[in-house]
Amino acid sequence: MREQRVLHIEDTSQIERARWVLDSPNPPPLWKKLLSLIKETLLPHGNNIWFCSKKKSFHAHALCFLQKLFPILVWLKDYTASKFKDDLLAGLTLASLCIPQSIGYASLAKVDPQYGLYTSIVPPLIYAVMGSSRDIAIGPVAVVSMLLSSLVTKVIDPVANPHAYRDFVFTVTFFTGIFQAGFGIFRLGFLVDFLSHAALVGFMAGAAIIIGLQQLKGLLGITHFTTKTDAVSVLVSVYKSLHQQITSSEEKWSPMNVVLGCSFLIFLLVTRFIGRRNKKLFWLPAIGPLLSVILSTLIVYLSKADKQGVNVIKHVKGGLNQSSVHQLQFHGQNVGQAAKIGLVCAVIALTEAMAVGRSFASIKGYQLDGNREMLSMGIMNIAGSLTSCYVATGSFSRTAVNFSAGCQTAVSNIVMAVTVILFLQLFARLLYYTPMAILASIILSALPGLIDLNEARYIWKVDKLDFLACIGAFFGVLFASVEIGLLVAVTISFAKILIQSIRPGVEILGRVPRTEAFCDVTQYPMAISTPGIVVIRISSGSLCFANANFVKERILKWVVEEDEIQEAAKGNVRAIIMDMTNLMNVDTSGILALEELHKRLHSRGVELAMVNPRWLVIHKLKLAHFVDKIGKQWVFLTVGEAVDACLSSKIATA
């Protein structure tokens with residue numbers, strides 16, 4: 001009697017737990033889901049710059065709004081003289097690296113040198129007020145400059161029509177800012193994640209090599225050069241142009257370009273090596289480019305080398321940023337092209353900036369607000385497009401210098417911008433005799449930081465499919481174009497997701513000895529399977545049209561195989577238990593596949609049981625009357641209860 005009472009209590013408890021699964025609350029209706037999604041998108045509590053506590057007064061609301069929009073108002077209250085001293089040193093060190101790099105990147109983007117310097121003024125000032133990173137250094141960068149030149153030259157020829165090319169670059173910058181700000185306001189940062197880390201590593205490495213090959217024009221003093229960006233076209237152009245200039249009697253080629261460029265490239269690489277070996281000498285590679293510009297300019301001026309074939313920058317327009325409002329082009333046939341290029345630049349610039357910002361934020365132990373970062377970068381690029389700037393973002397090399405110099409806040413960006421303003425006002429004319437070969441050597445010296453062989457090796461070791469995306473982006477950029485490289489990387493990344501959704505994990509589970517846990521028998525060989533019962537777990541977020549038939553056929557195949565194996569032991573499969581704990585959703589194709597599976601199993605005399613389906617899944621299965629078809633008694637809370645129920649009903653041994 002006592003044993004019967006215990007069994008009755010256990011049965012009652014099991015039935016009650018099964019009711020918990022069957023009677024779970026219905027999911028909210030579609031209109032509530034959409035409303036909640038919009039609310040979370042526009043007003044996510046605690047994460048959106050517009051959100052403040054409802055209990056505050058109007059003035060408190062206004063102050064809260066301003067503090068969230070301009071983080072400088074928060075940390076400026078605790079700003080001290082000692083912090084300013086650190087930021088001043090970091091900003092001056094940053095400016096010594098920024099000035100020559102900005103001029104070099106402007107030539108890479110195929111715009112006049114002053115536009116690179118302008119881009120190091122307005123965007124950093126706006127970011128310092130609105131950004132949440134303390135370390136990131138804002139300005140033009142090599143990859144985005146190369147991206148602009150490679151994409152915009154397909155629309156407008158910078159040689160034939162330089163003014164139209166410049167205006168189109170400003171328009172692209174405006175659209176870049178619009179997209180970036182939109183990503184931040186509507187919390188669409190996940191779009192940036194479409195370019196995976198592995199794809200970004202490959203893209204950066206390929207872009208670095210292309211940028212390096214393009215610098216052969218300045219390093220070798222070549223006049224005529226291709227507008228294409230693939231490695232083969234660039235190398236062929238270098239050979240043909242160099243051969244033509246050497247053999248031509250009209251156009252004299254000067255080997256002094258090579259001598260100057262290579263000499264200072266060696267100097268810059270040596271300073272970079274010393275700075276890495278001795279962290280206290282971080283300032284040496286930072287001031288190396290500026291020293292190179294000063295020394296090379298003096299050499300050319302004193303030796304009159306520009307008269308002997310050495311290519312120089314010539315005129316650099318000084319003064320403050322000029323307004324470019326009326327130069328933006330919102331009419332005509334190329335507006336769509338500008339928007340498309342702006343979207344590509346927005347994603348690449350944000351991806352690089354977020355990677356840089358998060359890396360240094362994790363070192364210092366604070367967290368970036370991703371949406372605020374996107375908004376601030378969008379606004380700074382919109383403002384930049386109106387003040388003769390092209391696309392700016394966070395630079396890894398300059399951020400590393402800023403960090404090593406001991407910056408405390410974004411004031412270092414303000415110091416850098418003010419220093420660039422003073423340089424444009426006082427010293428811009430002195431750049432007339434600066435050789436183009438020096439700009440090429442400065443860009444070349446910064447490229448090794450873009451090629452991360454250790455990371456590529458790590459990706460190969462951990463995930464071969466990720467490495468395929470990495471190598472696809474690399475070769476796409478190197479031998480085709482920037483767009484092809486990005487397209488290949490994104491396509492491979494999507495293919496990886498598609499393969500994983502079409503071929504989800506369907507695992508046979510067994511009970512691990514001396515525990516109540518049911519685990520994959522492949523991963524845990526010691527797990528014990530119950531004769532006549534096959535426990536299966538679907539490791540997929542959704543059972544849908546893409547994978548439902550695969551899951552159904554895999555289960556039926558296992559049933560047949562188990563029957564053949566157990567036939568010698570005078571037994572066969574009598575029950576299939578499906579662990580649905582990981583299954584978040586099911587569509588009509590998935591339900592049809594389950595119904596077909598149940599029909600096929602029932603014809604073989606096999607019962608189908610379900611374990612712990614989520615509320616959305618059980619809701620849809622009840623609406624489709626699938627629960628009625630298999631019987632409510634075959635829905636369980638845990639796998640252990642399902643197995644015990646099968647054994648107690650003697651189905652497995654029938």
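What share of the 654 residues in the protein chain is made up of buried residues? Buried residues, meaning those under 20% relative accessible area with a 1.4 Å probe and protein chains only (exposed is over 50%, partly exposed in between), make up 50% of the chain. This is a predicted model, in which local features need pLDDT of at least 70 and side-chain atom pairs count only at pLDDT 80 or more, while totals for chains, interfaces and linings use all residues. Residues are numbered from 1 along each chain as its sequence is written, and side-chain values use heavy atoms, with hydrogens and water left out.

View 1. Helices (H or I, at least four residues) and strands (E, at least two) are DSSP runs, numbered from the N terminus. The C-alpha trace spans about 110 × 70 × 55 Å along its principal axes. Taking contact to mean heavy atoms within 4.5 Å, 79% of the contacts between residues at least 6 apart in sequence join residues at least 24 apart.

**View 2. The largest nonpolar core, with 116 residues.** A nonpolar core is a set of buried Ala, Val, Leu, Ile, Met, Phe, Trp, Tyr and Cys residues joined through side-chain atoms within 4.5 Å. Val111, Leu148, Val152, Val172, Phe203 and Met377 have the most contacts inside the largest one. Helix α15 (residues 335–364) gives this core its largest share, twelve residues. Zoom in on Val152 and you will find it in contact with Tyr165, Phe168, Val169, Val172 and Ile341, leaving aside neighbours within four places in sequence. A second, separate core of 51 residues includes Ile508, Trp558, Ile576 and Val643.

**View 3. Thr173 in helix α9 (residues 162–185).** Thr173 counts as buried because its relative accessibility is 0%. Beyond its neighbours within four places in sequence, Thr173 is in contact with Asn381, Ser385, Cys389, Tyr390 and Val391.

**View 4. The second largest pocket, about 1,100 Å³ in volume.** On a 1 Å grid over the protein atoms alone, a pocket is an open set of points with protein on both sides within 12 Å along at least five of seven lines, a cavity is a set where a 1.4 Å probe fits but cannot get out, and lining residues have an atom within 4 Å of a point. Grid points are joined across faces, edges and corners, and a volume is the space filled by probe spheres set on the points. Of the 32 lining residues, Ser107, Lys110, Val111, Lys217 and Met436 are the closest to the centre of this pocket. Helix α9 supplies the largest share of the lining, four residues.

View 5. At the start of the helix, a side-chain oxygen of Asp587 reaches to within 3.2 Å of the backbone nitrogen of Ser589. After α24 comes Gly605, with a positive phi near 80 degrees. Leu543, Ala548, Val551, Lys552, Ala593, Leu594 and Leu597 line the second largest cavity, which has a volume of about 30 Å³.

**View 6. Gly505 in strand β3 (residues 505–511).** Gly505 counts as partly exposed because its relative accessibility is 27%. Gly505 touches Arg537, Ile538 and Ser539, not counting residues up to four places away in sequence.

Terms used: A polar contact is a pair of N or O atoms within 3.5 Å; within protein, one must be able to donate a hydrogen and the other to accept it, and residues adjacent in sequence count only if both atoms are side-chain atoms.
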